[in-house]
Amino acid sequence: MSMSLKGRSSQIIDLMMLVIDVTKGMQTQSAECLVIGEITCPRMLVVLNKIDLLPEAKKQVLIDKMTKKMQKTLENTRFNGCPIIPVAAKPGGPDAPEMETPQGISDLIDLLISQTYMPKRDPSGSFLMAADHCFSIKGQGTVMTGTILSGSISVNDSVEIPSLKITRKVKSMQMFRKPVNTAIQGDRVGICVTQFDPKQLERGLVCSPESLCTLYAAIISVKKIPYFKGPVHTKAKFHITVGHDTVMGRVMFFSPAPENVDAEPVVDCFDFDKEYLYQEEYLSSGKGSSAEGQTEGTQVPRQQWALLEFEKPVTCPKLCLVIGSKLDIDIHSNTCRLAFHGVLLKGFDEREYTEVSLPKLKVFKLKHKEGHVERVSDDYSVIGRSLFKKETNMQLFVGMKIHLSTGEVGVIDGGFGQSGKFKIRIPDGLSPETKQQLAQTGKKRMKGTKGDASKVDEEKRDSQPVTISLDFKRYLFDPQKKMVQS
């Protein structure tokens with residue numbers, strides 16, 4: 001199952017058949033198919049293939065052992081208790097004589113029949129088909145065959161091939177070599193159009209005119225795949241499977257603002273009016289983060305999102321499945337390469353999306369700075385240091401609130417000198433205890449400058465400087481890079 005197939009067929013997968021080599025058991029690719037199945041499919045059956053390679057004397061024992069192993073593997077998945085059947089589809093291997101009789105195939109057919117059901121199909125909405133073959137018929141036109149992922153199509157309807165930006169009218173249709181006038185979601189169909197060179201399209205999407213957008217970036221509701229080892233970091237690159245395409249993309253994770261961390265998840269839209277907290281990585285249960293913008297023991301929100309920025313534009317429908325993978329990991333390394341999955345909630349179709357659309361996305365970082373009070377200026381003001389660098393534009397911080405470790409709340413009045421020091425106004429005045437503590441600290445500092453270095457260090461340790469704390473929010477996509485306090 002190719003990565004593009006996983007992404008584009010997920011809407012109409014009704015039953016999954018997982019084929020396992022009975023002599024090897026679960027391999028990396030089998031495990032990844034199982035993960036995809038959990039995301040996309042309600043039912044599954046397992047086929048233990050190549051039973052002809054097992055020693056005849058131990059065959060049943062080894063089949064039973066592998067069956068129990070698979071049952072254990074599936075125990076904590078949505079496929080717990082699914083049917084498991086042994087077969088030998090091609091006894092002796094691909095080069096064996098054709099007279100070799102397959103083993104267990106009739107039982108497999110009976111099992112498949114017992115597992116089939118009438119799926120629910122939705123003919124409403126825009127037509128979308130994944131075409132997997134394209135060829136010409138002399139005197140008829142060009143036929144595109146594929147599976148309808150959504151909506152319906154009728155003879156004389158117009159369809160678009162978005163990758164080529166062309167529209168054609170449906171001349172005729174067939175399903176399993178029988179002419180039809182209409183086909184709906186889930187159907188396999190051949191659509192005949194005229195004046196179209198089949199060499200232009202081998203595989204791709206066919207849709208209602210103007211129903212698909214070409215996207216340069218997107219916001220998805222995201223969940224980490226638990227079998228992926230290690231953290232999933234913001235700014236990391238992944239193979240992003242979306243619609244019919246798999247492209248490289250960079251990811252940025254974010255979550256609800258702290259006051260909305262328990263909000264009910266919304267699965268079908270994205271609200272640009274709300275504010276969101278930047279994350280250095282996807283937050284998993286039982287794990288806090290010491291990354292910037294978070295604190296150790298951060299509560300895991302009920303919903304998380306990701307901004308995906310694609311290296312190449314992609315064409316896809318709304319609310320489609322998205323999968324992020326590390327396909328450059330060696331498939332023989334016995335590790336899951338699938339990192340996260342989600343649903344595309346909002347796409348950005350402008351080349352200049354960073355200037356046009358991203359400023360509407362209110363993702364912020366929580367910033368925390370600390371400095372110290374150097375000395376008292378008067379009962380209502382102090383001079384601070386070590387909060388800013390010498391080259392900092394102090395005007396950006398004028399009027400912002402600060403907190404002293406002694407309890408007072410102050411406001412930054414402006415710079416003081418050229419060395420990064422600044423003046424703080426304390427509207428309610430300094431308490432007598434604070435003034436006394438600052439006076440003692442000042443005396444020790446002055447006294448220490450006249451003594452030896454070791455004595456200065458010792459007295460600095462004994463003193464308790466008053467700490468200045470400055471907290472604010474900075475919005476990542478604000479062109480003016482303004483700092484905001486609650």
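**A short walk through the model**

Hi everyone, let's start in a loop: phenylalanine 176 sits between strand E8 (166–175) and strand E9 (178–180), where strands (E, at least two residues) and helices (H or I, at least four) are DSSP runs numbered from the N terminus. Before going on, please keep in mind that this is a predicted model, in which local features need pLDDT of at least 70, side-chain atom pairs count only at pLDDT 80 or more, and totals for chains, interfaces and linings use all residues. Residues are numbered from 1 along each chain as its sequence is written, and side-chain values use heavy atoms, with hydrogens and water left out.

Phenylalanine 176 is not a glycine, yet its phi is positive, about 50°. Most residues other than glycine have a negative phi. Phenylalanine 176 is also exposed, at 69% relative accessible area; buried means under 20%, exposed over 50%, and partly exposed in between, with a 1.4 Å probe and protein chains only.

Leucine 319 also has a positive phi, near 55°. You'll find leucine 319 in the loop between strand E17 (304–316) and strand E18 (321–325), and with a relative accessible area of 45% it is partly exposed.

Now for helix H4, residues 105–115. Here Leu108, Leu111 and Gln115 are buried. Why are they on the same side of H4? Because they cover an arc of only 60° around the axis, taking the directions from the helix axis to the C-beta atoms. Ser106 and Ile113, on the other side of H4, are exposed. The buried residues of H4 pack against strands E1 (16–21), E2 (44–49) and E3 (84–86).

Strand E2 also holds asparagine 49, which is buried at 16% relative accessibility. A polar atom of the asparagine 49 side chain lies 3.0 Å from the backbone nitrogen of alanine 89. Setting aside neighbours within four places in sequence, asparagine 49 has contacts (heavy atoms within 4.5 Å) with Val19, Ile20, Asp21, Val22, Val87, Ala88 and Ala89.

Last stop, the cysteines. How many disulfides does a search of the whole structure find? The count is 0, with a disulfide being a pair of cysteine sulfur atoms within 2.5 Å. For cysteine 207, the closest cysteine sulfur is in cysteine 213, 9.8 Å away and so too far for a bond. Cysteine 207 is buried, at 0% relative accessibility. For cysteine 213, the closest cysteine sulfur is in cysteine 316, at 8.3 Å, again too far for a bond. Cysteine 213 is partly exposed, at 33%.

Definitions and conventions: Polar contact = N/O pair within 3.5 Å; in protein donor to acceptor, adjacent residues only side chain to side chain.
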